[in-house]
Amino acid sequence: MARQCQLLGIHRSGVYYKPRQEKPSNLELMELIDKKYQEKPFWGIPRMTTWLQKDMHYKVNKKRIERLYRIMGIQAIGPKPNTSKPSKDHKVYPYLLKNLEIKRSNQAWGTDITYIPMKTGYMYAIAIIDLYSRYVVGWSVSNTMDAAWCKQVLDDAIETHGKPEIINTDQGSQFTSDIFTEAVTSRDISLSMDGKGRAIDNIFIERLWRSMKYGHVYLNPAEDGIELYRGLFKWFNEYNTERRHQSLDDEVPAKVFFSSKPPHQGVRAA
C-alpha cells in the first residue's frame, strides 16, 4: 500500500485514515462554528456560545463550545490576557517576517493546519504556501494533528521544490515539537513563529483556507478520506495553475513560482 501511494503521489493518510466521529449534533455545531470562525476569527468561546444560543437557537453551554474549539484546533485571534504558554519542553522561535520584503520564490513559506467538516465526521488539512507566489508547495489530509504528519509534508515539499530560507508557523504543539523543529533547523532553514493571538502573521494561508472552504469544502462535503483527497487534489491544482491573483499582476501562482523573471515587486509581511 505504501508503494502504491508513492507511485500515485498521494499521502497514505488519505487511504488509511477514516474521518473522526462525533455525535451528529456536535458535527452540526462544528460546521456552524467553522463557517462563523472564517468570518469572525476574533470571536472567542463566549461570543460564539451567545451567537449559537441567541441567533441560531441552539441549547448549548460554554463548556460544550470550549470542547469543540479544542477538537477543531481553533482559538480566538486577538490580544488576550494570560494566554496559554507552550509546553516547557518546546522551544518557541521569534517571528521573523515583520516588515520583511519578500522578493522571490522560496524566500519564505508559511504553513498551517485547519479543520475539515465532512458528511459523517471530520478530518484535518495541512498546507504549505510560498508567500511570494502564493503557490501551494505541499498539502495533505489526516484525521489527527501530529508532528510526524507535518514533518512528512514538509519533507515532501522540500524534496519537490527545494528548501525555503524561512518557514513560518503558529505556536501549535505540532510545530514546536522537536520532530518538526529539527526537520527545519537541520536543513539550515530559519524557523519563524506567529505571536500568540496574532491575526496577521500568517494572513496568506488564512486567506487560502477561506478560499478553499467557501470554494470547495462547504459546497462538496466528502463522504470519506479518499473522496476528500480527490476533491482537494483538484482544488489545489486549479488554485495553483488557474486562479489569477490581482496581487500577482493577474498571474497564476505556478507561473510566478517557477518564473525566473518576477512579474511583481514583491510583498511585505506584517
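Predicted model: local features only at pLDDT ≥ 70, side-chain atom pairs only at ≥ 80, totals over all residues.
Residues are numbered from 1 along each chain as its sequence is written, and side-chain values use heavy atoms, with hydrogens and water left out. The protein chain holds 11 helices and 7 strands, where helices (H or I, at least four residues) and strands (E, at least two) are DSSP runs numbered from the N terminus. Of its 270 residues, 50% are buried, with buried meaning under 20% relative accessible area, exposed over 50% and partly exposed in between (1.4 Å probe, protein chains only). Among contacts (heavy atoms within 4.5 Å) between residues at least 6 apart in sequence, 68% join residues at least 24 apart.

**The sheet**

- Five strands form an open sheet in the order β4-β3-β2-β5-β6, with mixed pairing; two strands are taken to pair if DSSP finds at least two bridges between them.
- The edge strands, each of which pairs on one side only, are β4 (136–142) and β6 (190–193).
- Neighbouring strands of the sheet are turned by 20° against each other on average, direction ignored, where axes are lines fitted to C-alpha atoms (for helices over the stretch in contact) and angles run from 0 to 180 degrees between N-to-C directions.
- Strands β2 (residues 108–118) and β3 (residues 121–130) pair in the antiparallel sense over 10 bridges, and a hairpin joins β2 to β3 through 2 residues.
- Within this pairing, P117 has Y122 of β3 as its bridge partner, and T111 stands opposite I128 in β3.
- On its other pairing, β3 runs antiparallel to β4 over 6 bridges, with G138 of β4 as the bridge partner of I128.
- The hairpin formed by β3 and β4 has 5 residues between the strands, and R134 in this turn has a positive phi of about 70°.

- In β3, 10 of the 10 residues are buried, so the strand is largely enclosed by the rest of the structure.
- Both faces of β3 are covered, with G121, M123, A125, A127 and I129 buried on one side and Y122, Y124, I126, I128 and D130 buried on the other.
- In a regular strand the side chains alternate between the two faces of the sheet.
- F175 lies in helix α7 (residues 173–176) and is buried, with a relative accessible area of 1%.
- Leaving aside residues up to four places away in sequence, F175 touches residues that include T111, D112, I126, F180 and M193.
- F175 and D112 are 63 residues apart in sequence and 9.1 Å apart in space, C-alpha to C-alpha.

- The buried residues of helix α4 (residues 45–54) are I45, M48, T49, W51 and L52.
- Seen down the axis of α4, these buried residues fall within an arc of 160°, so they line one face of the helix; the arc is that of the directions from the helix axis to the C-beta atoms.
- Among the elements that cover the buried residues of α4 are α3 (24–39) and α5 (62–72).
- Helices α3 and α5 pack at an angle of about 70°, with their axes 10 Å apart.
- That makes α3 roughly perpendicular to α5, on a scale where angles under 35 degrees count as roughly parallel, over 145 as roughly antiparallel, 65 to 115 as roughly perpendicular and the rest as oblique.
- The residues in contact include L29, M30 and I33 of α3 and I65, L68 and Y69 of α5.

**Salt bridges**

- The count comes to 10 salt bridges, each being a side-chain nitrogen of Lys or Arg within 4 Å of a carboxyl oxygen of Asp or Glu.
- R67 forms a salt bridge with E22, the closest N and O atoms being 2.6 Å apart, and the pair links R67 in helix α5 to E22 in the loop between α2 (13–16) and α3, 45 residues apart.
- R67 is partly exposed, with a relative accessible area of 33%, whereas E22 counts as buried at 16%.
- D34 forms a salt bridge with K213, the closest N and O atoms being 2.7 Å apart.
- D34 lies in helix α3 and K213 in helix α9 (residues 203–217), so this pair ties together parts that are 179 residues apart in sequence; both D34 and K213 are buried.
- K255 forms a salt bridge with E251, the closest N and O atoms being 3.3 Å apart, and E251 is buried, with a relative accessible area of 18%.
- Salt bridges that share partners join K151, D155 and R187 into one network.
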